[in-house]
Number of protein chains: 2
Amino acid sequence: MAKIATVLANMFEDVEYTEPAKAFREAGHEVTVIGTEKGATLEGKQKEAQVTTNAAISEVLNDDFDALFIPGGFSPDILREDEKFVKFVKHFAESDKPIFAICHGPQLLITAEVLKDREITGYKSIHVDLKNAGADVKDQEVVVCGGNLVTSRQPDDLPAFIRESLNVLGQ
Amino acid sequence: MAKIATVLANMFEDVEYTEPAKAFREAGHEVTVIGTEKGATLEGKQKEAQVTTNAAISEVLNDDFDALFIPGGFSPDILREDEKFVKFVKHFAESDKPIFAICHGPQLLITAEVLKDREITGYKSIHVDLKNAGADVKDQEVVVCGGNLVTSRQPDDLPAFIRESLNVLGQ
């Protein structure tokens, strides 16, 4: 079973955290929510989900985790201001560990500069930024690149996103 | 006196709309707020400012305006999903009309693909996207490029942003 690091700030897209986290846990994986501070309560932008962080980014070790999950909404753009989150994300990409990113989640991958020549999707508004970052952008419900990078566009794509993420974790 | 088109959606950074709009009007310019719909009430992300739109993007004509103002917050990322706003913004850049963009405002310029080799600044989190779009990114309170593109990073920079924008309008 995998230890999944989830990076989160306020204004995340509620269901893009809650549904994959539920599915990952039901499949026996461990989901750790990492924020700027430990024990902080974060709220989704729809105000439907509240999540208490399990750890602060300053205290976690890359090696404690097998995979990375980046929910969307405005959370990723807030997180990428902080160099610690950017370095953390870079580790997963450079170690070829699985990364699951949906909606605006790939913004963190842009800032970590790990998208050159990778096949990816994301929320419509950031397609231009993904292309400019050197990625090969697809407009489809889910894209699996290199067997370890799973990306989707929006809440509608959650069933496909969860299915392919679980598939990568099962291999 | 100039007719200034302001493009706005919910979740704009409150003071990044209210302070420049007030200064532009006090200097005798006309500020028209353009949204997806006419007569809609938009709310800033700090919930301090409510703004009623004067016109819908589908009914305005480029030639009705002399300059463009793009406040920041999450509003620009919402607006750039809509091709009509992107085309509208592209017109100002291609006609060399003044553009004033602060914080996340330049995201609309990225999607309009008008930033190649232009000197610009913006909110810290989008510097990488601006660079990837071909712009020459500066980390300073205000950047004036070509005498008509004025950009700033954040609310702290508002005095410099307003000063330089008014200066461009006065010429």
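Reader: Let's start with chain B: what is the strand order of the open sheet of seven strands?
Author: The order in chain B is 5-2-1-6-7-11-10, and the pairing is mixed. Strands here are DSSP runs of E with at least two residues, helices are runs of H or I with at least four, and both are numbered from the N terminus. Two strands pair if DSSP finds at least two bridges between them.

Reader: And which strands are at the edges?
Author: Strand 5 (55-56) and strand 10 (143-145) of chain B, each pairing on one side only.

Reader: Before we go on, what kind of model is this, and how are things numbered?
Author: This is a predicted model, where local features need pLDDT of at least 70, side-chain atom pairs count only at pLDDT 80 or more, and totals for chains, interfaces and linings use all residues. Residues are numbered from 1 along each chain as its sequence is written, while chains are lettered from A and ligands numbered from 1 in the order in which they are written.

Reader: What scores does the model get?
Author: ipTM is 0.95 and pTM is 0.96.

Reader: Which way do the residues of strand 7 in chain A point?
Author: Ile99(A) and Ala101(A) point one way, Phe100(A) and Ile102(A) the other way, and all are buried. Buried means 20 or more other C-beta atoms within 10 Å of the residue's own, exposed means 12 or fewer, and partly exposed is in between, with C-beta atoms placed from the backbone.

Reader: Which residues have the most contacts inside the largest nonpolar core?
Author: Leu68(A) and Leu68(B), in a core of 104 residues. Such a core is a set of buried Ala, Val, Leu, Ile, Met, Phe, Trp, Tyr and Cys residues joined through C-beta atoms within 7 Å. Leaving aside neighbours within four places in sequence, Leu68(A) is in contact with Ala5(A), Val89(A), Phe92(A), Lys97(A) and Ile99(A). Contact means that the C-beta atoms of two residues, placed from the backbone, lie within 7 Å.

Reader: New topic: how many residues of chain A are in contact with chain B?
Author: Twelve, and they meet twelve residues of chain B. Helix 4 (106-111) and helix 5 (127-132) of chain A each give two or more residues to that side. The largest share, three residues, comes from helix 5 of chain A.

Reader: What rotation superposes chain A on chain B?
Author: One of 180°, with 0.0 Å of shift along its axis and an RMSD of 0.0 Å. The two copies are thus related as by a two-fold rotation axis. The same surface serves both copies, as 100% of the contact residues of chain A recur in chain B. The superposition is by least squares on the C-alpha atoms of residues with pLDDT of at least 70 in both.
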